[in-house]
Each structure stands twice: as structure tokens, then as C-alpha cells.
Amino acid sequence: MTATIALPSAQSLRTRARAMTVLRLVAAPVIVVIAVSLLFWWISTLPLDSIEQRTLNPAYIEARIKEHLLLTFVASLLVAVLAIPAGILVYRARSAWVRGIFLTLGNIGQATPAVGVVILLAIVWQTGFATALVALVAYSFLPVLRNTMVGLEQVGSDVKEAARGMGMTRNQVLTRIELPLASPTILAGLRTALVFAVGTATVATFINAGGLGDMIVNGLKLQRYPVLLTGAVLVAAIAVLIDWLAGVVEDLVRPKGL
Amino acid sequence: MKRQLAATAAILVTTALLATGCSGGGGDSGAAAGKGDELKGLTGVIGSKDFSEQYILAYLTSDLLNAHGANLTTNTKLVGSANTRQALIDKQFLGYWEYTGTAWITYLKNTQPITDPQKQFDAVAEADLAQNSVKWLDPAPLNNTYAFAVRSSQAKKLGVKTLSDVAKLPKAEQTFCIESEFSTRDDGWPGLKKAYGIDVPDSNVKLLDTGVIYTATQKGADCNFGEVFQTDGRIKALDLTIMKDDKQFFPVYQGAFTLQNAVFEKYPKIADVMAKLSPLLTTEQMQELNAKVDVDGEDPADVAKQFLKDKGLI
């Protein structure tokens, strides 16, 4: 009995790898477009009562999506601006105390339910966009902080020594060697934070900060499931799209050769 | 070794039993003084939605029915009207307290309420029995409808007593805090604006969660007028004044005990027992009981038990 095992040639392997990359790039948007189209087609076949018509109309949905995206992006930007420097600081300080304090703060931020934070802040401080931002930033802070620290720690000491030996200052080592080498890990953290923020931004509805949470809560409380489903599917679609977009950006900005 | 393990296990089990016995609150039957045994054999779970009034009503009901021979427990752990209602439909709950307006709009999918309380109750009771086999017992007088409240000092300053007065205020003072749900219902914001001719820009209207509305109204930074529930104990505690619905726009949200019709048919005496309690539950009485929980921090189970004892019902 003889069996022949066909080994794929190098040529076909390369084609397959390229096909996988294309698939990875195209799959997410295609799935999102199909899911959202199906949703809107299904809703267009439903007889909507006056309660549903007040939310299931283009102007309302567009406004909620804009609010949601604004919250997500501003929060992610703030997280990047705050958590990456914090991560660098913790790494440079090389003190167990500083590390402990920042990691604990990040852990607390993420462990506290965002709904609780939002409502508490609304009661003791104020309602609105700024409050929702604070809660979102607190919630998405940890992944970026941790990934920055871990990314920097992973840079080999031989590489750093070589750089120092070439006469680079500590800051030059940081900006030219350590940060570029740590960037894939840091970007992965940011990507996680973005996706967290999309989901968490739904709680903004409780404090007059809008977003797609408006539709989810409204549909849930009034048992108008088309409204609830539209809100939920749109949040999921945005999360998938943003994850996809962040993946593309990661590929583009990753230093060559890594 | 084996014996030691067994002893440890025994201690653990005893502790667990003691612990559940202690923390059972008013949910268990046992201790209630007997007032009859016409409901002997009736077992099941009385449910509630997730706010104080509902907890109190659930304990009132289970304690009262248990005093008449039933053996019921109380489950106040579900969140939201929709889940509680689903638990009744799925026969997980024997019954719970529901409001006519909620059932009419939310479960029976109507958009226009009926103004007359009795007609609204009859319509709901008939439709719910026919469509979902849910039996509505005679309602309590309490009306937990929507209302707009304002800080009492601000009400004096603005000189407003009714919603018509509010509609006449300068636009800068016509600021409102409402819930997301209220913002789209016909018997909520859209209808109210039309009925009273309120015409304000969207920026005058803040969408907040129910709990946040009370404190926001008290602070007065977000809005002058907050959408509240009429029976809420916090209205008095936070020194808020209710604006009279002088055009009778809001529908009636009368409370009534709803239960599986099959259970009702087997134990029709439930209606007679509940009829001893329901007429006592007026809007003012409910506000008072709710305040004991929301403001004074008492346990809903204790508040219910004390009320029943005071009225000689258990």
C-alpha cells in the first residue's frame, strides 16, 4: 500500500498567505455590511408603531451613531495620551511602588462597573459628555498601561546596551529603540481599549450623553425589540469595524522587519 | 480522618442552613400568624420588579397569603419589568404586582392609553386574560403614574403649580430631565408637549436614568422639572413639589396583583384575601411605605410585615 502526501510548494504557500491577508482585510467589513443590511431590510418589512417610529428613523439613528463614535474616539485618544506616558513612567521609574500604584489604579478602573461609575459621577459631580468620558477613560486605561509596560520590558537588554554603547542618551534609546520595538504591543493595547470603549459607551445614555445605548435601553424598557436589536447590532458592527480598522493601522505603522 | 471530614461537613451544612434561615428576610412563611387556611396547598413564588415599591408589594402579598395557609416565597432579584413579566408568563412566578398603564402600552402593545381608570383597568384585564392567561385581581387605589417635580423653593420662585403654568414659563426656565423610555412613549414626552403646547429646543431636555433624575432635580443644575413616579418616597424626602397634571394628560398606572389564571381558578379565594389589602394601598400610603425604604433605609420585608401587623391582617 503506498500513499503519496502532496507537499505544498513554496509558490502555493505564498499564494495562500496572500489569500489569507486579503480575506482578513475583507471579511470583517463584508460581514458587517451583510448583517446591517439584513437588519434594516428586516425592519423595513415590520409595521412600526408610533413608539418605534420615533427611534427607528434615519435622523435619530445617525445622531446616535455620531454621539457613540465621538465618545469612543475622544475617550480612546485620552487613554492614549494618558496611559502610554504613564506606562513609560512606570517602566523608567523601575520602582515596585510606582508600578504597584499605577497597576492598582488601572485594575480598579477596569474592575469597577462602568454603569456604577457613570451614575455615581452624575450624582456627585455632573451629568453629560465629560462624565461619560471620565468613566470610559477609567475603564479602558488598564490595557494600554499594561501593554506599554510589558512592551517596553520585552525589549532585549543586549539591544539597549548596544544603543547605549553607540553613545545614545537614555531618551534617545527610548524614542529610537525601545518605543519602536514595543509599538506592536502598545498598539495591540490601544486596539483593545478602543473595542472596550465602543461597548462601554452604551452606558452614556443614563446621564444624558447619548449614544446607541439610548436605543438599547429604550427598546428594552418598552419591550420594542426591533429598537433594542438595532441598537445592539449597530454597537456590535461598530466594534467589529473599529477592531478591523485598528488592525489595518497596526499593519501599516508597525516598523518594517518586525 | 473520615469521621473528622463528616463532622466538618455537618458543621458546614448547619452553618449554611442557619445562614439562610437568618437572611431569608420576609420571604419565608413559617412565622406568620394564622388568619385562616383557605389557601392551604398553594405554593409558589411571588415576584417583583427592581424598585422599593415592588419589593414592599411582593412581601405584603406573600406574608398576607401565607397567613391564610399558603406556603409562598418571595423573589425580588429580577431586574426590569420585561424580565419580571416573562417570569410570570413562563410560570416561574405565581404572580406579581403590575400597573395598568405599563401592561397596556408595554405588553399589550397599545400606543394610546385610556383616560378613565376603571375603563383602562377593564380593558387591560380583559385583554391580558384572553391573550396571555394572566388574571388581574381588583386594583389598589394607588396610582404610580408619571409626574413632573421641581424643587419646592424653585416652584415658589417661579410661581408654578400646574403643568399649564410650566408651559407658560420663559423658555430658559422650561428645562426637563426625563428617562429614555419616557422620551418616546405616546403617553410620555411627545404627547405631553402636544397636550400642553410645550415648545422647547432639544437642549432643554436631558435624558437621564430614573435614579439620577431625582438628585438632578434636587440640585437643579440640569433641569428645573424632573420626570418622577407619583408614589416615590423621595419626592417628599428631597422636598420636591409635584406639578398638577391639570389637563389630565398622564394615563393612570393603577397597581393590581396579577397572577397565572390557572392558579387563580384553582384557588379563587386568593381574590377575597387580597381584597382585604388592596383597598388600603392608596398613593399617599404607598409614598409613606416607599419613603421608609428609600429614605430611612429600612428593609422592605420589615416594612411590609409591620404594615400588615398594624392593620391587623397577619
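**A walk through chains A and B**

Start by selecting B:Arg151: its bridge partner is B:Leu240, in strand 9 of chain B. (Helices, H or I of at least four residues, and strands, E of at least two, are DSSP runs numbered from the N terminus.) Before going on, note that this is a predicted model, where local features need pLDDT of at least 70, side-chain atom pairs count only at pLDDT 80 or more, and totals for chains, interfaces and linings use all residues. Residues are numbered from 1 along each chain as its sequence is written, with chains lettered from A and ligands numbered from 1 in the order in which they are written.

Now show strand 5 (residues 146-151) of chain B next to strand 9: the two run antiparallel, joined by four bridges. Zoom out to the open sheet of five strands, order 7-6-8-5-9, with mixed pairing (strands pair if DSSP finds at least two bridges between them). Strand 7 (205-207) and strand 9 (240-243) of chain B are at the edges with a single partner strand each, so one side of each has no neighbour in the sheet. From one strand to the next, the twist averages 35°.

Next, select helix 10 (residues 210-219) of chain B. This helix packs on the sheet, touching strands 5, 6 (176-178), 8 (225-229) and 9 of chain B, and its direction makes about 140° with that of strand 8. Angles run from 0 to 180 degrees between N-to-C directions, and axes are lines fitted to C-alpha atoms, for helices over the stretch in contact. Contact means C-beta atoms, placed from the backbone, within 7 Å.

Which parts of chain B touch chain A? Helix 4 (100-107), helix 8 (180-184), strand 7 and helix 10 of chain B each give two or more residues. Helix 10 of chain B gives the most, with four. Overall, 22 residues of chain B are in contact with 21 residues of chain A.

Hop over to chain A and pick helix 8 (residues 170-200) and helix 10 (residues 225-253). Their axes come within 9 Å and cross at roughly 165°, which makes the two helices of chain A roughly antiparallel (angles over 145 degrees count as that; under 35 is roughly parallel, 65 to 115 roughly perpendicular, and the rest oblique). Among the residues that meet are A:Leu187 and A:Leu194 from helix 8, and A:Ile238 and A:Ile242 from helix 10.

Last stop: colour chain B by its domain assignment, domain 1 (34-143 + 253-310) and domain 2 (146-243), with bounds from an automatic or database assignment. Their centres, taken over C-alpha atoms, are separated by 28 Å.

Definitions and conventions:
Contact = placed C-beta atoms within 7 Å.
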